[in-house]
Amino acid sequence: MKQTFLRKHAVASMAAAGVVALVITQAHAGRILTVPSQKYHSIGAAMAKANRGDTIRVEPGVYRERVIMSPEVVLKSRLRYRAVLDGGRHGTVVSMSRKSSLIGFEIRNGTFGVFTSGFGNSILQCRIVYNWQTGIINVRNLARVEDNVIAFNGASGIQTWDVGVTSGTINHNTIAFNGNHGISLGGKSSAVIENNVIAFNYRFGIGPTSPRGEWRIAANNVHGNLVGIWPLPEGNSSFDPKFRAPRGSLDFRLGDGADGKEVTLDHEVIGARITN
Amino acid sequence: MKTTNLRIIRQAVLTAVAATFMLMPARATADGLPGEYLLTQRWRDAIVPYSPLANPAFLVRENYSALRGAFATTFGATFRLWEVGATQPIGMYQSVGLSWVGQQTVLFDETVAGAATGNKTGDMHNFFMGTYAVNPWNSLTLGVNLNVLYQDAFGDSRAGFGADLGLAYEIIRNARFGNHAAGLMLQNAVAPATGDEALSRDVRIALLSDYWEKSITSRFAFDVKDILADAAEFQKFDTLASRLVNAPTAFEWAFSGAVGYTLARMFSLRVFFGLNQSGFDYWGVGVQANLPQLNLGRDLAAGFQYNGVQEDQISMQTSSLRAELDGHREANYARRMAGKLDVAPSNLYQKAMTLHSQGKYWEAHLILHQILNNYPDFFKNDWVSYYAGNCQEMMDMRESARKTYSAVVADYPRSPSAMHANLGAMRVNYREGNLDQAEQLFGELTQPEVTDSLKKHACYLMGQIFIARKDYENAVYVLQEVSVGHPMFLFAMHSSGVAMMLMDKPETAADMFEACITGEPKTAAERAIVERSLLFVGYMLYEGLIKTEHSFSKSVAVLRKIPASSTYYEEAQQCLGWAAIKARRYNDCGATSAVLLKSNNPVLRADGMLMEGHCRTMQEDYEGARAVLQRGVEFVAAQQPPSEDSLMTEKQRYAGVRASYDLLARNVVEKAQSIGIAMAPAELDRMHEEQRTMKQRLDSYIEGFDAFARGAYFGRTLPEIKQDLEYSLASVTWRLNAKSKGVRKMEQEQQKIEQEIDKLKQELNGDEKGQ
């Protein structure tokens with residue numbers, strides 16, 4: 001009987017996923033604003049003119065500005081990691097609103113890389129490095145944090161506080177070489193943390209600074225961090241990810257035999273799915 | 001070099017033996033400059049990166065509240081030096097600190113003119129620092145120490161005030177080439193002066209570096225000492241001339257360095273050294289153990305260092321401790337931001353939860369929608385939505401509840417609230433008779449990520465669905481999944497018992513009911529289900545369905561456990577009444593029938609009349625029995641007995657009310673979504689009144705259906721009772737008639753006897769007259 005239920009559930013889930021994808025596609029079917037262009041010299045200028053559903057497409061280059069995202073706007077680098085947002089060593093480089101998406105940027109040199117608290121935000125395929133404190137500060141609504149490289153930040157890769165799991169997850173990220181924890185869960189955080197590589201962070205891989213939350217931590221490779229007194233949650237593993245050239249060219253692709261496909265929940269490459 | 005204070009020399013001469021010890025350590029620790037123990041890094045090398053004494057601007061690098069301490073002794077503990085301090089980060093870009101640095105000799109016996117006074121004396125320096133550091137722009141940090149010097153040199157106490165200035169710049173952060181910060185400090189920029197002597201000024205340039213996740217650390221500093229000094233102060237005592245003469249001045253500098261290696265982020269080894277204008281000055285080696293595992297990932301370090309001074313061939317040992325406390329800057333920032341965002345909705349949420357727990361679902365529902373409208377980013381909106389659905393469910397607004405639950409699953413698919421919403425939707429679907437949809441949701445609720453508790457809730461509902469489909473075996477199978485201690489356990493056991501009864505397995509059913517009865521009910525619903533199980537077991541024992549000794553008396557004992565406050569009290573009394581008749585306990589029977597005669601249930605009321613009639617008949621009160629039974633027959637004749645047809649009619653009426661109620665529910669949700677509570681209180685009050693009225697009607701329908709179902713299961717129908725009443729009435733009437741015939745015959749006999757007696761009397765009287 002349970003087999004029948006499982007099959008039914010799988011079909012229902014696929015149908016639901018299709019509906020969600022359709023809704024997202026429709027929601028983002030707005031204008032495309034290109035930066036830089038004659039009309040928009042900076043991301044901030046484009047953001048000021050963007051309406052809900054618009055996409056700001058950013059050409060390669062270094063943009064020394066701190067961006068405050070408007071609701072339901074997609075901010076996308078045309079080429080992955082080639083548009084660089086530089087925070088000038090102070091402040092938060094990107095502050096997200098609600099239902100906004102940040103895709104493909106390198107975000108560096110701020111006090112914080114990204115701050116997100118609103119519902120339905122997504123941070124996808126970004127490289128968040130060399131921020132003086134934290135890569136991503138996430139409070140209240142857990143964002144969808146997926147396929148990012150979060151490394152060499154002065155404090156934690158991701159710091160959460162009182163996040164509730166709604167639609168977001170921390171999924172398929174590479175979180176390495178950060179100066180504090182890989183992921184620091186603060187307050188009553190309830191996070192879903194799956195399929196990540198969390199390696200070589202100075203303190204704990206996942207630092208539960210407060211044991212009050214409910215977490216779903218599974219299928220992560222937690223390796224080379226400070227060994228805590230708590231055992232790794234069941235369902236996670238630890239093996240050397242053999243990053244190709246993390247210090248030189250920030251190349252966090254996994255070495256031979258370390259793709260972890262056998263341990264991830266979706267049988268895809270563990271950590272950020274970097275294709276080039 | 002500056003001349004030594006004459007007062008010190010005088011007192012040192014007085015303590016000639018002690019002076020021998022004193023002068024050597026003084027060189028070892030202070031090189032003779034006033035306040036040299038503050039300038040040199042060597043004796044507190046382990047805590048230099050965290051000390052405002054090295055540069056107040058570096059305090060911004062501290063991310064935690066921290067305590068530090070270093071304690072050094074030299075030369076058989078003749079001299080003691082210490083630094084203790086606390087640092088407190090403020091926000092992201094500021095720090096403050098308090099420090100106490102001290103130098104103290106051992107205490108000596110005070111002597112005056114070679115004679116001991118009996119007092120103790122010594123040389124003690126206390127240096128207190130208040131530090132403020134700020135990172136105002138880019139990677140530039142500024143810092144200042146405000147200092148108080150208090151010294152007690154062999155009984156002569158003096159105090160002075162001063163300040164240090166520092167700045168720092170984070171040069172580079174690079175994964176390959178390391179992280180580097182440079183610092184510039186003017187120590188004693190305002191030099192504390194005690195009497196005619198001020199502490200010497202020092203300019204220090206430093207470079208702090210770490211490489212590869214701090215596995216290697218280094219620190220280099222170059223000091224130019226005693227700047228801005230007055231040349232006149234550079235004098236020496238010419239013993240031949242017996243006077244002070246000018247001494248040649250010199251550029252005095254020091255270069256210090258330390259390089260450390262940390263193994264496994266816990267154990268570190270450090271070597272350090274110092275050079276000055278005279279050449280090699282000192283060397284040292286230090287070890288440190290840091291166990292952040294024991295301190296939630298914060299430093300908890302203890303160290304020891306040994307250093308030797310080249311010129312004096314002496315050594316010094318320093319112990320150091322450092323502990324970080326409280327939260328990291330980033331965590332404090334995140335907490336502050338989280339707090340700022342949600343004060344208002346958090347308060348509303350708490351209010352709504354309180355109302356929900358008090359059963360005030362209408363009020364809670366409106367507040368929950370207010371949160372959803374006004375605070376769309378509130379981090380608990382997944383639960384807000386769920387509880388809005390739950391309020392609708394509790395108010396029996398089934399269609400709205402189902403929609404709200406679906407929205408929770410769609411909007412917050414990864415939230416635990418989605419699972420609860422699925423369960424709520426399953427409940428609603430089951431109540432509505434949408435068994436297939438309910439079963440589909442059961443499939444969702446058996447996924448691995450669903451908590452066991454929710455799974456068991458779902459199993460209970462699935463058991464009910466199987467019972468509704470008359471698939472009793474599967475019903476019992478899933479109901480057994482609900483384990484002891486689960487909130488649904490008693491309900492699952494009761495339902496299992498019912499399923500077993502329906503499979504005609506009374507013995508097993510009795511075991512299930514027994515499991516329910518022996519549970520510990522905590523809520524009103526649990527108490528009700530236990531009482532329902534008691535009723536079932538009581539009936540089964542009364543009817544002899546359970547093979548056991550003394551089943552009749554056990555039945556009475558079980559039924560008497562159902563309290564007068566119970567919904568099932570009257571039905572229990574009905575059974576007890578008939579049991580009393582069987583046992584010829586007519587007083588008990590009278591008491592129970594009196595209860596039934598007050599019942600609103602026409603079947604029970606009619607049965608009460610029948611029972612009383614029986615009771616009176618057995619007590620030969622035929623007239624009374626006939627009166628009661630006559631009333632019973634008339635009462636039953638006036639009733640419309642519930643039939644399948646009438647039930648269908650009632651169901652149609654119920655469906656009509658249900659449709660109106662759903663419409664009202666939609667209006668309520670729309671109102672709640674579009675306006676605030678305070679905007680239209682009158683309209684909301686009117687809707688609330690309407691909601692209450694309709695809910696009462698729905699509840700009465702549902703109670704009626706339940707009573708019908710129970711009556712069909714155990715009880716008798718009104719026509720059956722009517723038959724019994726009529727039979728009993730006829731029987732009593734016959735008895736009464738039979739009694740009347742006997743009396744008339746006796747009266748006739750009596751009359752006949754009396755007539756004969758009269759006749760005899762008359763005959764006797766006639767005989768007397770004839771004589």
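What share of the contacts in chain B with a separation of 6 or more comes from residues 24 or more positions apart? The legends below refer to a predicted model, and the first of them gives the figure.

**View 1. Chain B, with its 23 helices and 20 strands.** Among contacts in chain B with a separation of 6 or more, 56% are between residues 24 or more positions apart. Chain B has 771 residues, and 48% of them count as buried. Its accessible surface is about 37400 Å², with 57% of that area on carbon and sulfur atoms.

**View 2. The open sheet of 9 strands in chain A.** The strands follow the order 1-2-5-8-11-14-17-20-23 and pair in parallel. At the edges stand strand 1 (32-35) and strand 23 (216-218) of chain A; each has a single partner strand, so one side of each lacks a neighbour in the sheet.

**View 3. The pairing of strand 17 with strand 20 in chain A.** Strand 17 (residues 170-171) and strand 20 (residues 192-194) run parallel and are joined by 2 bridges. Asn171(A) has Glu194(A), in strand 20, as its bridge partner. Glu194(A) also forms a salt bridge with Arg414(B), in which the closest N and O atoms are 3.2 Å apart.

**View 4. The interface of chain A and chain B.** Chain A contributes 65 residues to the contact and chain B contributes 62 residues. The size of an interface is often expressed as the accessible area lost when the parts come together. Here the two chains bury about 5300 Å² between them, 57% of it on carbon and sulfur atoms. There are 3 salt bridges between chain A and chain B, and 23 residue pairs are in polar contact across the interface (both at pLDDT 80 or more). On the side of chain A that touches chain B, the elements giving two or more residues are helix 1 (2-27), strand 10 (112-116), strand 13, strand 16 (158-164), strand 20 and helix 3 (246-249).

View 5. Thr134(A) lies in strand 13 (residues 134-141) of chain A. Thr134(A) counts as buried because its relative accessibility is 0%, the limit being under 20%. Its side chain makes a polar contact of 2.5 Å with the side chain of Glu330(B). Leaving aside residues up to four places away in sequence, Thr134(A) touches Glu330(B) as well as residues of chain A, including Thr111(A), Phe112(A), Gly113(A), Asn153(A) and Ile158(A).

Key: Residues are numbered from 1 along each chain as its sequence is written. Chains are lettered from A and ligands numbered from 1 in the order in which they are written. This is a predicted model: local features need pLDDT of at least 70, side-chain atom pairs count only at pLDDT 80 or more; totals for chains, interfaces and linings use all residues. Side-chain values use heavy atoms; hydrogens and water are left out. Helices (H or I, at least four residues) and strands (E, at least two) are DSSP runs, numbered from the N terminus. Buried means under 20% relative accessible area, exposed over 50%, partly exposed in between (1.4 Å probe, protein chains only). A polar contact is a pair of N or O atoms within 3.5 Å; within protein, one must be able to donate a hydrogen and the other to accept it, and residues adjacent in sequence count only if both atoms are side-chain atoms. Contact means heavy atoms within 4.5 Å. Two strands pair if DSSP finds at least two bridges between them. Accessible areas come from the Shrake-Rupley method with a 1.4 Å probe; for residues, only the protein chains shown count as cover. Buried area is the accessible area (1.4 Å probe) that two parts lose on being put together, summed over both. A salt bridge is a side-chain nitrogen of Lys or Arg within 4 Å of a carboxyl oxygen of Asp or Glu.
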